[in-house]
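Open the model in your viewer and keep the selection panel at hand. The stops below go from pockets to helix contacts, then to loops and annotated spans.

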Amino acid sequence: MKLSLCLILTSVASTLPSSTAFSASKLQARAANHRALKTSRIPSSSSLDAFRFGSASAVEELSVESSGDDRINDLLDPLTDVFVATLRVGTCALMIHHGIDKVQNVEGFSANVVAKFFGFLPGDPAFWTLSAAATQIGGSVLLALGVLARPVALSMCATMATAVAFHLLNTGGEGFPLAVVPQHSYNYELAAMYVGVLAYFSVAGAGAYSVDEQILGGELNLYRSLLPGKETIGSEGIANSASKKKANKNSLEDAYVKNSKEFKLPWSK
């Protein structure tokens, strides 16, 4: 009996070192796994480069994006210029017959429109009829060519705004905007559309394909030259202005990078 007990105790004692070693190695493995998991949760410097304020990669991404925008603008700008020129010429081609109609019917237009609805205007109603006709005929020619586009378009816009007022005084709002009228369009609808288009040219000018831009060197430059002490901006001045803009852009990018170096996030080196 004693011999059996001794043998059991001896076998248990012989297994203790191996089990203890196994437990220690297991604990060490768990600790190593814990440290690896903790380290993996901390973003590396390379993974944070894209989010670092003013980093080189961010600046490169900005430059790539701006170059892509430039390519899109180079493609769309000529199409926009062609569209603006087409809209301008088409509007004038539709407008000119309104003036011709007034010339052929001065008495009727003067009596039924000017005298009846705008009797507060001074002078002979025929004067205002012929003035509107001259504006619409001469203005259509000048605007189609793109000569002094802004004041010409503004004067034409005024005649059509008067037409809108006439129709509103004569037939009212006609249930705008949802009513379906017997003539299938509001009486003032066409005149109102003319007002919108001509208002655009009154603000924006004739566009690139016009006498103002191609021959006169720019409509606004022409007006500046008429003011005392003002100089026009020629092609050389435009080139200098573009170089100044580019220099300002480069200085802003340099300042951006410089300031970004001064602002450090906790993980920045």
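Select helix 6 first: with 8 residues, helix 6 provides the largest share of the lining of the largest pocket. Helices here (H or I, at least four residues) and strands (E, at least two) are DSSP runs, numbered from the N terminus. This is a predicted model, in which local features need pLDDT of at least 70 and side-chain atom pairs count only at pLDDT 80 or more, while totals for chains, interfaces and linings use all residues. Residues are numbered from 1 along each chain as its sequence is written, and side-chain values use heavy atoms, with hydrogens and water left out.

At least two lining residues each come from helix 3 (56–104), helix 4 (106–117), helix 5 (125–145), helix 6 (149–171) and helix 7 (189–204). The space in this largest pocket is about 530 Å³. To centre the view, pick Lys 102, Phe 109, Thr 159, Thr 162 and Ala 163, which are the closest to the pocket centre among its 26 lining residues. Coloured by class, the lining shows 13 nonpolar, 11 polar and 2 charged residues.

The terms are as follows. On a 1 Å grid over the protein atoms alone, a cavity is a set of points where a 1.4 Å probe fits but cannot get out, and a pocket is an open set with protein on both sides within 12 Å along at least five of seven lines; lining residues have an atom within 4 Å of a point. Grid points are joined across faces, edges and corners, and a volume is the space filled by probe spheres set on the points. Ala, Val, Leu, Ile, Met, Phe, Trp, Tyr, Cys and Pro count as nonpolar, Asp, Glu, Lys and Arg as charged, and the others, Gly among them, as polar.

Move to the second largest pocket, with about 250 Å³ of space. Select Glu 213, Gly 218, Glu 219, Leu 220 and Asn 221, the nearest to its centre of 11 lining residues. Helix 9 (residues 219–226) gives the most to this lining, 4 residues. The lining is made up of 4 nonpolar, 3 polar and 4 charged residues.

Next, show helix 6 together with helix 9. Their axes are 9 Å apart and the packing angle is about 100 degrees (axes are lines fitted to C-alpha atoms, for helices over the stretch in contact, and angles run from 0 to 180 degrees between N-to-C directions). Helix 6 is therefore roughly perpendicular to helix 9, a label for angles of 65 to 115 degrees. Ala 149, Arg 150 and Pro 151 of helix 6 meet Glu 219, Leu 220 and Tyr 223 of helix 9, where contact means heavy atoms within 4.5 Å.

The axes of helix 4 and helix 6 come within 11 Å and cross at roughly 85 degrees. On helix 4, select Asn 112, Val 113 and Phe 117; on helix 6, their contact partners are Phe 166, Leu 169 and Asn 170. This contact has 4 nonpolar, 2 polar and no charged residues.

Two loops come next. Between helix 5 and helix 6, find Leu 148; its phi is near 50 degrees, a positive value in a residue other than glycine. Between helix 6 and helix 7, find Pro 177, where the peptide bond from Phe 176 is cis, with omega near 10 degrees.

Finally, select residues 126–145, 152–170 and 190–211, which an unreviewed UniProt entry lists under "transmembrane region". UniProt positions are given in the numbering used here, feature names are shortened, and annotations may be inferred rather than shown by experiment. Residues 126–145 are 100% helix and 0% strand, with end C-alpha atoms 28 Å apart. Residues 190–211 are 73% helix and 0% strand, and their end C-alpha atoms lie 28 Å apart.

Technical notes. Angles under 35 degrees count as roughly parallel, over 145 as roughly antiparallel, 65 to 115 as roughly perpendicular and the rest as oblique.
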